[in-house]
Amino acid sequence: MSRFIARRAFSAILLLFATSVVVFGIFEVIPSYNPARAIAGRNATPTTVAQVSEKFGFDKPIYVQYGNTMKLIFTGQIIDYSDNLNVVQQFGQRFPVTASLVVPAAILWMVVAIVLGSLSALRPGRLMDRGLMVAAIVGVSIPVFLLAAVLLYLFAFKLPWFPNTGYTQFGSNPAQWAYHLILPWIAIAALSIGFYSRVLRSSALDVANQDFVRTARAKGLSERQVFVRHVLRNSLMPIVTLFGLDFAALLGGAALVTETVFNLPGIGQYEAQAIGNLDVPPIMVGAMFTAFFVVLFSALSDVVYALLDPRIRLTG
Amino acid sequence: MDEQLLEVQDLEVAFATEDGLVRAVSGVSFTVSRGEVVAIVGESGSGKSVTVMTLMGLTRSPNSRFAGTARLRGEDLVSASEEQLEDIRGKEIAMIFQDPISSLSPVQRVGAQIVEQIRAHENISKAAALDRAIELMGRVGIPNARERARAYPHEFSGGMRQRVMIAMALSLSPSVLIADEPTTALDVTIQAQILDEIRQLSAESDAGVIFVTHDLGVVADIADRVLVMYAGRLVEQGTVDEIFYDPQHPYTWGLLGSVTRVDRDPPRRLPAIPGQPPSLVATPEGCAFRPRCPHAFDRCRELPPLAPRLAEAPGHLDRCWLAPSDKRARREVAGRIGLSEEAAAS
């Protein structure tokens, strides 16, 4: 186990390094990228721009710039170019919002997907199964901004059931916190429920044909017992793996469109703004933040996998 | 006469498929009594597995069709409801499957699987069930049973896994034990041990055993009576001695002829029955073996009924129109029982 952790930690470091280099490199290649210009402002004179450039070190060779940026990131001092805010601090403040959005949505989608996927697998070809297939295709196809906008329009505007936008902290008013997040939770969950339930369904149908399921039935167990204790338990592996990656990406801010539409001050919103402004520091930190979660959660899902299936030995 | 536990009458099992109705089992009848071992022999696709799985209700699906009855102590299994079957499976009638690695749950400890079988029918504590499971594992010859109960199936060898399956199947002392090719996936030395195990344990518990196999050596070893199946039908039925020493159906001669004998020189080519078993969708009229039978004649276009044709052996039934004296002459090929000269090939 400790070897496993050591190996994963090592690959995390490598991945973070690679991510940072790639993201940094991308900005060097973008043609219109001129950070000094952006920071100095629209009406800045060339002198001002040159001064800004020197101050921020944009005139130095790229590897020096890279080194400086990394140093600033890891000492928590890095500032974004648009608003002069401390990026690391911003991430720290905004992370609870993103977590409030992502964690309950993830629980919702997993529970519903497992239930619906199981019901589909128990009665393949019937109405529920076919309905789910349609839902899955819709979920995968519909762009999230459309879904979010439609939800907002229908349930906050047309039917004023939910508040428009904004975020209330959990500490100050839990009920309001949830109330503001219900539509965003639905937006995030709706996209994944269809897909995950279909994956579970096919996995369950495969397992249901295996010999040991026949043995379970031959023991005199009820269909429900056979399904839950034998089929379901052996079908969870694929969705565990997928979930690890999806969840990690979401924690890193992949729900940026949802956060923007619903005006939730999370990491995604910050990253979206930074991308619009070609503001490198938040983008770098965001990419590395996501990479960190990806490594963490893929390691965790491997551990869960090994717990579910005793034939698997954890390797690096 | 021993108590009759199972009575199967005119059992028919068919599956509706895109290519038509597949008649896997057509009109099979037999009985199993306490303490006897009935072997069902036939090649792959003969319907032997479908027959026994139907007894457990494991062939039920939206496209399966059944006819006939299979009465276990008077209660019909073919028309029983799912609840009734759930009660019966594991408790009154239990099954050992062919491949123990795929037939045991890979994610559950072995002891827990036996416990699950016990607690499916008996309301006892997990601890008590585990104690029983461990005792059973000991009885089937698994050493260090208490420790090994915590192991997973993939941590056992093939023979040990099969012993686990046997322990599990016998845990509730069922009246009928079905063994569906339990030794096919094992090597011969282990096979001998497992057969001994099955024979001993079923004798102790006085269960009736249905043993499905394609291996005549196993049949000779363990069976009291033999049922020979071909293309979904029973073509011959009798005691093990009757089948081996006085077989009445050409297919049986072919089966016996294809076994290489230890007391002779090995043949240049292994004797085989030429041809293929017929399609079960479009079963030819008359005797199903006719296309492959060198002794067929025009009467064979009419399906022979399964009937006793020897006055001295009323329990020995077969489906062949040939006269018994004719049969005795024709089955002697190259000094032993076989189907034909070309099949013998030695």
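This is a predicted model: local features need pLDDT of at least 70, side-chain atom pairs count only at pLDDT 80 or more; totals for chains, interfaces and linings use all residues.

User: Which strand joins E3(B) by four bridges?

Analyst: Strands here are DSSP runs of E with at least two residues, and helices are H or I runs of at least four, numbered from the N terminus. Two strands pair if DSSP finds at least two bridges between them. With four bridges, running parallel to E3(B), the partner is E9(B), residues 225–230.

User: And which residue of E9(B) is the bridge partner of Ile40(B)?

Analyst: Ile40(B) also stands opposite Val212(B), but that one is in E8(B). E8(B), residues 208–213, runs parallel to E3(B) too, joined by five bridges. In E9(B), the partner is Leu227(B).

User: Why is E3(B) largely enclosed by the rest of the structure?

Analyst: Buried means 20 or more other C-beta atoms within 10 Å of a residue's own (exposed is 12 or fewer, partly exposed in between), with C-beta atoms placed from the backbone. Val37(B), Ala39(B) and Val41(B) are buried on one side, Val38(B) and Ile40(B) on the other. E3(B), residues 37–41, is largely enclosed because the buried count is five of the five residues.

User: Which helix gives the largest share of chain A's side touching chain B?

Analyst: Counting C-beta atoms (placed from the backbone) within 7 Å as contact, 18 residues of chain A meet 22 of chain B. H9(A), 211–218, and H10(A), 223–235, each supply at least two residues of chain A's side. The largest share, six residues, comes from H9(A).

Technical notes:
Residues are numbered from 1 along each chain as its sequence is written. Chains are lettered from A and ligands numbered from 1 in the order in which they are written. Two residues are in contact if their C-beta atoms, placed from the backbone, lie within 7 Å.
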